[in-house]
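Trainee: I have a model open and a few questions about it. Can we go through them?

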Amino acid sequence: MNPAPSLRVLTHRDTDLHAAYCDYVAQVFTQADFRRWCEWGQWSEDYLAFCLFQDGRVVANASAMRMRLVIEGAQVDG
């Protein structure tokens, strides 16, 4: 019997778990290369990945990214 999935919030500091996250993303978004995005240093403190792990693999995910936008000349956080 498999243990129940556990929730982890991954940040840019959780580099030991980034490979599992990238494996999952590649299954869902076959045209995306998240490993390259990580290698470029794009996973910053503004990106959070809410992941369900089971047996060391990500089985579900929802992510959020804080963005700084310019709207009508004013910078706003989104």
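Trainee: How many aromatic pairs does a search of the whole structure find?

Mentor: Eight aromatic pairs turn up in the whole structure. Rings of Phe, Tyr and Trp (its six-membered ring) pair if their centres lie within 6.5 Å; planes under 30 degrees apart count as stacked, over 60 as edge-to-face and the rest as tilted. This is a predicted model, where local features need pLDDT of at least 70, side-chain atom pairs count only at pLDDT 80 or more, and totals for chains, interfaces and linings use all residues. Residues are numbered from 1 along each chain as its sequence is written, and side-chain values use heavy atoms, with hydrogens and water left out.

Trainee: What sort of pair do Y21 and F34 form?

Mentor: Y21 and F34 are edge-to-face, with 5.3 Å centre to centre and 70° between the planes. That pair links distant parts of the chain, since Y21 sits in helix α1 and F34 in helix α2, 13 residues apart. Helices (H or I, at least four residues) and strands (E, at least two) are DSSP runs, numbered from the N terminus.

Trainee: Buried or exposed, those two?

Mentor: Both Y21 and F34 are buried. Buried means under 20% relative accessible area, exposed over 50%, partly exposed in between (1.4 Å probe, protein chains only).

Trainee: And which residues do ring pairs link into a cluster?

Mentor: The cluster holds Y21, F34, W37, W43 and Y47. Within it, W37 and W43 make a tilted pair, 6.0 Å centre to centre with 45° between the planes. W37 and W43 are buried as well.

Trainee: Back to α1. Which of its residues are buried?

Mentor: L17, H18, A20, Y21, C22, Y24 and V25. What covers them includes β1 (6-10), α2 (34-39), β2 (47-54) and β3 (57-65), by contact, meaning heavy atoms within 4.5 Å.

Trainee: Different topic. What do β4 and β5 form?

Mentor: A hairpin, with two residues between the strands. E72 in the turn has a positive phi of about 50°. Strands β4 (residues 68-71) and β5 (residues 74-77) pair in the antiparallel sense over four bridges; pairing requires that DSSP finds at least two bridges between two strands.
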